[in-house]
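Visitor: Could you walk me through this model with a few questions and answers? I'd like to look at it while we talk.

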Amino acid sequence: MLNKKHKITLINTNWEPIKTNLTVDVIPRTNELLYLVELGKYFEVVRVIHQLNKKQEIVIVISEFSTPVKKIN
């Protein structure tokens, strides 16, 4: 089985970078939630953009998730 890791860039809806060169095992899908520990917030995936050059670049457009999420203890 292949265990390929992907490097992605997270940007907000204003196309401002939030985090670059983030390594993930699974590419997030639209409407999934991401929790960024550094910011202590949940974000919703708005769009996934694949740029196919010599090397595949993946950009994830996210927006802050405003509905409160219950933490599981």
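Visitor: Leaving aside neighbours within four places in sequence, which residues is lysine 41 in contact with?
Guide: This is a predicted model, where local features need pLDDT of at least 70, side-chain atom pairs count only at pLDDT 80 or more, and totals for chains, interfaces and linings use all residues. Residues are numbered from 1 along each chain as its sequence is written, and side-chain values use heavy atoms, with hydrogens and water left out. Lysine 41 sits in strand 4 (strands are DSSP runs of E, at least two residues, numbered from the N terminus). With contact taken as heavy atoms within 4.5 Å, and neighbours within four places set aside, the partners of lysine 41 are Leu34, Tyr35, Leu36 and Glu64.

Visitor: How far apart in space are lysine 41 and glutamate 64, C-alpha to C-alpha?
Guide: In sequence, lysine 41 and glutamate 64 are 23 residues apart. In space, their C-alpha atoms are separated by 7.4 Å.

Visitor: Is lysine 41 buried, partly exposed or exposed?
Guide: The cut-offs are under 20% relative accessible area for buried, over 50% for exposed and in between for partly exposed, with a 1.4 Å probe and protein chains only. Lysine 41 comes out at 37%, so the label is partly exposed.

Visitor: What does isoleucine 62 touch, not counting residues up to four places away in sequence?
Guide: Isoleucine 62 is one of the residues of that core. Its list runs to Leu10, Ile11, Asn12, Thr13, Ile18, Leu34, Phe43, Glu44, Val45 and Val46.

Visitor: Where does asparagine 31 lie?
Guide: Asparagine 31 has a positive phi of about 75° although it is not a glycine. At 56% relative accessibility, asparagine 31 counts as exposed. Its place is the loop between strand 2 and strand 3.

Visitor: And asparagine 21, which strand is that residue found in?
Guide: Asparagine 21 also isn't a glycine, and its phi is positive, about 55°. With a relative accessible area of 56%, asparagine 21 is exposed. The element is strand 2, residues 17-24.

Terms used
Core = buried A, V, L, I, M, F, W, Y, C linked by side-chain atoms within 4.5 Å. Helix = DSSP H or I, 4+ residues; strand = E, 2+ residues; numbered from the N terminus.
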